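Good morning, colleagues. Please take a moment with the sequence and the model before I go through the fold and the ligand site.

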Amino acid sequence: MNLDLINLVGFESQKLKELETKLNLIANKTINLNHDSLVLQDDNLFFNFKKERALTPLKIDIQKGALGWRLARAQHERHLKKAIGKTDRPLRILDATAGLLGDSMIMLALGHSVTAYEKSKILFSMLNNALNQLPETDPNLLNFKLINSNVCETNFNEKSFDVIYFDPMYPEDKASSARRSDLKKINSILEIEGLASDPESTFTYLRNIPNTKLIVKRPLKADAFKGSINYQVLGKSVRFDIYLN
Ligand SMILES: C[S@@+](CC[C@H](N)C(=O)[O-])C[C@H]1O[C@@H](n2cnc3c(N)ncnc32)[C@H](O)[C@@H]1O
């Protein structure tokens, strides 16, 4: 993998050893601005993109920034709530595309239990690190599981989940400007890991899980995946296509 692992901590921590093993890299101590780097500094693990990508570093903090703001107002997420539907009990949700965990965390804050899949080892390591910063007493964490795998490599049956949530990558020009920069960063990381984007085949895989409601998040004007949509929830810049079977 064409990536530097940088240790700015000053000593070789257990966390560093785990990262070296997981990513099959040996850490060094200085950031080279012409290389992509995953940087461990104190408790933080952030991604520094090489200069030519012209991207600001990716730092995942679940409690601060845009996600922290959304989480503090989770009940205001009316489109996502509507897509999930009214329920008098917490639902078991499979988030097939964890990404930066925004939607997973909102669904957790709405009281559901969430199992999220992320195929990128780099993003998974960063997400794990961000989750470890949360207080152990955070009640939401008891209902959350993050798995580092392509979701299509697990066999699910009709009893596994009540709802499947799928937020695939899509062409950046169709994304709202707020999402565009996050998507560019995720895309660059997937490219570094040589992970191809194949939303159609993931959609088909998820659509074939029996008796489970599938919610697909799309940019408002993007084409839908093949197959008949049962209903849609329209937001300002995104929509949710809902498939029932
Ligand atoms: C658009 S992002 C999801 C953003 C996420 N909903 C959020 O709120 O941050 C899509 C993510 O899903 C991951 N992904 C795409 N296909 C996947 C698959 N088949 N299995 C697991 N992860 C997948 C990508 O690596 C990427 O990180």
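Predicted model: local features only at pLDDT ≥ 70, side-chain atom pairs only at ≥ 80, totals over all residues.

**Strand pairing, helix packing and the ligand shell**

Residues are numbered from 1 along each chain as its sequence is written.

Helices (H or I, at least four residues) and strands (E, at least two) are DSSP runs, numbered from the N terminus. Two strands are said to pair if DSSP finds at least two bridges between them.

Strand β9 (residues 231-234) and β10 run antiparallel and are joined by four bridges. A hairpin of three residues leads from β9 to β10. On β10 (residues 238-243) there is also strand β8 (residues 213-219), antiparallel to it and joined by six bridges. Here R218 has R239 of β10 as its bridge partner. Strand β7 (residues 163-166), in turn, runs parallel to β8, with four bridges between them. In that pairing, Y165 lies opposite I215 of β8.

These strands belong to an open sheet of seven, in the order β6-β5-β4-β7-β8-β10-β9, with mixed pairing. Which strands stand at the edges? They are β6 (144-147) and β9; each has a single partner strand, so one side of each is left without a neighbour in the sheet. From one strand to the next, the twist averages 20°. For angles, axes are lines fitted to C-alpha atoms, for helices over the stretch in contact, and values run from 0 to 180 degrees between N-to-C directions.

There is also an open sheet of three strands, ordered β1-β2-β3 and again mixed in its pairing. Its edge strands, β1 (4-7) and β3 (44-48), each pair on one side only. Strand β2 (residues 37-41) pairs with β3 in the antiparallel sense over five bridges, and S37 is opposite N48 of β3. Helix α1 (residues 14-23) packs on this sheet and touches β1 and β2, its direction making about 175° with that of β1. Contact between two residues means that their C-beta atoms, placed from the backbone, lie within 7 Å.

Next, the helices. The axes of α2 (residues 65-72) and α4 come within 10 Å and cross at roughly 20°. That makes α2 roughly parallel to α4, a term for angles under 35 degrees. Which residues make the contact? From α2 they are L67, R70 and L71, and from α4 they are G102, M105, I106 and A109. By class, this contact has five nonpolar, one polar and one charged residues. Ala, Val, Leu, Ile, Met, Phe, Trp, Tyr, Cys and Pro count as nonpolar, Asp, Glu, Lys and Arg as charged, and the others, Gly among them, as polar.

Finally, the ligand. Of the 21 residues around the ligand, T97, G99, L100, G102 and D167 come nearest; a residue is near a molecule if its C-beta atom, placed from the backbone, lies within 6 Å of it. Helices α4 (102-109) and α6 (177-192) each supply at least two residues of this shell. The shell has 11 nonpolar, six polar and four charged residues.

Key
Parallel < 35°, antiparallel > 145°, perpendicular 65-115°, else oblique.
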